[in-house]
Amino acid sequence: MNIIGIIKKGEYYDSISIMLIAKKVAEYDGVLDSAVVMGTKENKSVLTSSGLMTPDIQPAGEMDLIVALKLKEGIDSKNVLSKIDEIFKATNKSDDGENFTPQSIDSALNVLPDANMAMISVAGRYAGDVAMQSLRRGLHVMLFSDNVPIEKEIELKKFAREKNLFVMGPDCGTAIINGVPLAFANVVNRGNIGIVAASGTGLQEVSCLISNAGCGISQAIGTGGRDVKKEVGGIMFIEGIKALAADPNTDVILLVSKPPATEVVEKIISVVRGIQKPVIGVFLGASPELLRGSNIHQALTLEEAASLSVAYSKKENASAVADVLKKREAEIIKMAKEEVVKLSPAQKYLRALYSGGTFCDEAQLLCQNVLGEVYSNIPFGSSKKLKDSWKSEKHTILDLGDDEFTVGKPHPMIDYSTRNKRILAEAENPETAVILLDIVLGYGSNMNPLAEIIPIIKEVKEITTQQKRYLPIVCSVTGTDKDPQNRTALVTALEAEGMKVMESNAAASRLAVSIINHL
Amino acid sequence: MNKLFEQELKVVNIGLKLFKETLDKQNVKSVHVDWRPPLFTDDKAMSIIKSNADKIEAANKQALQKILNSKPFIVGMGKALDVIPGMKKNLLLHAGPPVTWDKMCGPMRGAVIGALIYEGIADTPEKAEQVAASGQIEFSPCHEHSAVGPMAGIVSPSMPVFILQNEEYSNKAYCTMNEGLGKVLRYGAFSGDVIERLKWMENILYPSLKRAIEKIGKIDLKNIIAQALQMGDEVHNRNRAATSLLYRTLAPSVIQTTDDKEIAANVLEFINRNDHFFLNLSMGASKISLDAARNIGHSSIVVVMARNGTEFGVQLSGTGDQWFTGPSPVPDALFFTGFTKEDANPDIGDSSITETNGLGGFAIAASPAIVQFVGGTTKDAINYTLKMYEITAAENNIYKIPYLNFRGTPTGIDVIKVVEKNILPFIDTGVAHKNAGIGQIGAGVLSAPSEPFVKAIIGLSERIRKQE
């Protein structure tokens, strides 16, 4: 094995530029494994544990960039390094011959004086200051950056509330404002349903399901996951609800989050009490009794929340939603039974490999009290923690977007390679009974997911055919036909490969669980 | 908040460019900010700076007023020993922050050797080196004597200098006459012809120009620079227009005051054949304007950027005579045939005083003729000037750039902006060979190193803390 590492001293790149560089590096022939990271302590320890540490890169400081490579035997490292240099140069290239790019918010405002939104994705330790500068200049803020200290988040949100400005985030991956999808968001219909969400993938799922059902979104306000915790106290979640309540183009309000802190739930209930519009809430993992006595209609899955919103949006009978879902459940059981007969006796376990964290949570929730022992790297509900995230145990539901899988690599919604390797590993395992996946479309995600996933599905088929097994692969596709990737085209291609594509993650999870249940 | 829902969404994108591209695809109006982390994030120093923001701003306003109101004139000429404050027979002035003989780079040593031969203190280069190393000779920065010198910037006692006066604040400044290009003392050459030329300048050029200037009375440098900027000069790497304007001013008086026609013709031809004759004067004019803005408590405005070929030094208005230094970088340059970056000396000279005054690299958008130094296109040059507005406190009231609709040049570098935005001053420069005696090998541009600016902001914060 041929492991090399180099330090680029004092070179600063924002995290996503690093990810894009990392993806290109990983694609080079002869590169078996690679990491491109800033030289922080945590990153270095990850390099050590993944076997990419060399004495050369040990002295890197946190303002230094590390490139670590595991090369195939016989590959000339000089060649690879010079190609990597080209990637960096292309990334660094100034706007030669292009118009002047402002270097500060103030000079940007000279160029676009009536700007009203700052989209911030700089490294977390600077992001708070940049957000504060933006607020002081009267801009609403979408704060994509993560790792912003919680004290800073509170300071920003209190300041923004005073000034009647939004702070969406930190760690807000998606929002739709005035019909414009921001950051990682889907192109959905405009309509009369307004969303406040403390969960990025959750927001994407409900907005797509609503759009695919023929309704639309007025505004979708992301708050970042920490907003509904005790410390922040739901400042922006509450402000978002108030703004939608006052918005003449919003008739239905949909709230999406993991269970908020108790005092935040109370605040939400009390704000909603004064609202005449129907309000639907899905707080994944909360007790079905959480909102009893309030005028919030509680949904238990993202799909149910979207369906309820659609019913209210169309002024249809909301109680019909339960019937529709029940009928669909019967169809799922039928599908499951058809799959089960094709399985061999050794096949016992569910292996869910998620790129969206909220989907991973939702799937675990749907397994709760239905399957036996469930393991996850990010246990939710009654699941247990995996000893080694790289090795599945019994029923395993993984969030591949978690830091331990993404250090020095792009997010799995962009770069499918880590998940693809894992899909093959699960397919090789004779105990795997069903593989469950999510595919998330929209701006920011991989622009050509078929090229990533189809070859792997074919490979899985080869493996299982050789071993005289059948392995069902179930997935959901979060997206719309207006997304640059086009959902229908994708679904058609996946079904042609024999995949079971469901309309929502809840439906896909139910099918996967149902297969296990009918073994 | 609901107002946002009624407006067209217009986005300032700070960070990942991908998001800007996505917005472009959706025809959403947006502008991308090429954001960089600050140079320095020491909380203690920065919090002192932040909590004194109002005082600093007021001080900077005052400093800028002085820089912009300054009126530099040539009022006469004299010998360095007679006119420069603190000049002594055994003193050599040099460019940049203080430096000792043992730390001097090749070209500066070469210029010292040449100056000692020129002064008659040594008769061979070997002897000159011995004298220079012996401690008999004192060295001091030009900047500490109201003077500036290009490249090595050596001013020796017998050298004739222009005397500049600031009609607004009555301070003075001094600079030598420019020797021309090729093998010259300021690039570290000290061969016989170099010394001979210096002698000719002392004995023929100087008396003739001195008489001419006496006859004219005074020459308005600000006026010449303002016109030159509109004629394609940035008065650092291009001085052709300014030199021509000066020539037109001097010529009649040179002829009237010089009896020998041959000498008058030689004097005028010397100026005519040296496109950089004005450089020393644009530096002097800058020096006198910035000196007027010295010693304003709390001010974060840079009043000196200067290099001695070893170190790059910065002084601030609010930090008195304190130098903040760091290693001088080697410029990116176009090299004369036969030379490469390997041969280049780290950046050297007081000429970055022009940038400090909103000229030179800061005014490169005014000088399309020399864009090959900055990447080849006029757009590159314009972008460099636009970038410098990010770190300056004002736009010049007199020096204007035609292409930018006569916008004033970016003037008054604010060290706080440099550090917070991580944008370093952009400097036009000539390149000296690293070995003594060879001379100029190219010209180009560079960004100032960060270290002096980081040290300067810490120095300012300490001074403010002590005053409190």
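**View 1. Strands E11 and E12 of chain B are joined by four bridges and run antiparallel.** Strand E11 covers residues 311–316. Phe312(B) stands opposite Gly326(B) of E12(B). Helices (H or I, at least four residues) and strands (E, at least two) are DSSP runs numbered from the N terminus. The model is predicted: local features need pLDDT of at least 70 and side-chain atom pairs pLDDT 80 or more, while totals for chains, interfaces and linings use all residues. Residues are numbered from 1 along each chain as its sequence is written, with chains lettered from A and ligands numbered from 1 in the order in which they are written.

**View 2. An open sheet in chain B has four strands in the order E12-E11-E10-E14.** The pairing is antiparallel, two strands being paired if DSSP finds at least two bridges between them. Strands E12 (324–327) and E14 (348–349) of chain B are the edges, and each pairs on one side only.

**View 3. The axes of helices H5 (residues 124–136) and H6 (residues 150–162) of chain A come within 10 Å and cross at roughly 5°.** Axes are lines fitted to C-alpha atoms over the stretch in contact, with angles from 0 to 180 degrees between N-to-C directions. H5(A) and H6(A) are therefore roughly parallel to each other (angles under 35 degrees). H5(A) contributes Gly128(A), Ala131(A), Met132(A) and Leu135(A) to the contact, and H6(A) contributes Lys152(A), Leu156(A), Phe159(A) and Ala160(A). Residues are in contact if their C-beta atoms, placed from the backbone, lie within 7 Å.

**View 4. Chain A contains 17 helices and 20 strands.** The C-alpha trace of chain A spans about 70 × 65 × 40 Å along its principal axes.

Notes:
Angles under 35 degrees count as roughly parallel, over 145 as roughly antiparallel, 65 to 115 as roughly perpendicular and the rest as oblique. Two residues are in contact if their C-beta atoms, placed from the backbone, lie within 7 Å.
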